[in-house]
Amino acid sequence: MKEKVEENEKRINRVVEYIVENLLEEDTEDFKYKAMVVAAGITVHEALEAYSLLQKKGINVRVIDLYSVQPVDANALIKNAKECKNRIVVVEDHYFGGIGSVVSEVLGRAKTGKKKNFLLI
């Protein structure tokens, strides 16, 4: 049980560190949300913890609970990604065939006209 808690804390810290260290540096446009954090199931709690830590630093992110991958609401994912400057962090506890794959496929096919920053944690 202790290992699982430590693993969750590490994942939360990686989300926060990645957003602070990588996504804010290149911020030249004023977007209300600096990134979109996508999670499902148990990782939603981790995403919300990261959200709280980022809020304390004055950084706004949007958390998406991707509770359904089939069917996936592709239009909502694309819309939210655009509103977050195509900066996407997926919090995942299953790396093969999980929500990271779904989000990557949907946004990879979308014609947003901008580069996408995508990280699977």
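1. Order of elements. From the N terminus on, the chain runs α-β-α-β-α-β-α-β, with four helices and four strands in total. Helices (H or I, at least four residues) and strands (E, at least two) are DSSP runs, numbered from the N terminus.

2. Basis of the values. This is a predicted model, in which local features need pLDDT of at least 70, side-chain atom pairs count only at pLDDT 80 or more, and totals for chains, interfaces and linings use all residues. Residues are numbered from 1 along each chain as its sequence is written, and side-chain values use heavy atoms, with hydrogens and water left out.

3. Chain totals. Of the 121 residues in the chain, 42% are buried (under 20% relative accessible area, with exposed over 50% and partly exposed in between; 1.4 Å probe, protein chains only). The accessible surface comes to about 7200 Å², and carbon and sulfur atoms hold 51% of this area (Shrake-Rupley method, 1.4 Å probe). Among contacts (heavy atoms within 4.5 Å) with a separation of 6 or more, 78% join residues 24 or more positions apart.

4. Packing of α3 with α4. Helix α3 (residues 74–83) packs against helix α4 (residues 99–109) at an angle of about 75°, the axes being 10 Å apart. The two helices are therefore roughly perpendicular (65 to 115 degrees; under 35 is roughly parallel, over 145 roughly antiparallel and the rest oblique). Axes are lines fitted to C-alpha atoms, for helices over the stretch in contact, and angles run from 0 to 180 degrees between N-to-C directions. On the α3 side the contact involves A74, L77, I78 and A81, which meet V103, V106 and L107 in α4. These contact residues comprise seven nonpolar, no polar and no charged (Ala, Val, Leu, Ile, Met, Phe, Trp, Tyr, Cys and Pro count as nonpolar, Asp, Glu, Lys and Arg as charged, and the others, Gly among them, as polar).

5. N80. Helix α3 also contains N80, which counts as buried because its relative accessibility is 13%. Not counting residues up to four places away in sequence, N80 touches M36, R62 and I64.

6. N60. This residue, N60, is placed in the loop between α2 (43–56) and β2 (62–65). With a relative accessibility of 30%, N60 counts as partly exposed. Beyond neighbours within four places in sequence, N60 is in contact with K32, Y33, K34, A35 and Q55. Of these, A35 is 25 residues from N60 in sequence and 7.6 Å from N60 in space, C-alpha to C-alpha. The side chains of N60 and Q55 make a polar contact at 2.8 Å (a pair of N or O atoms within 3.5 Å; within protein, one must be able to donate a hydrogen and the other to accept it, and residues adjacent in sequence count only if both atoms are side-chain atoms).
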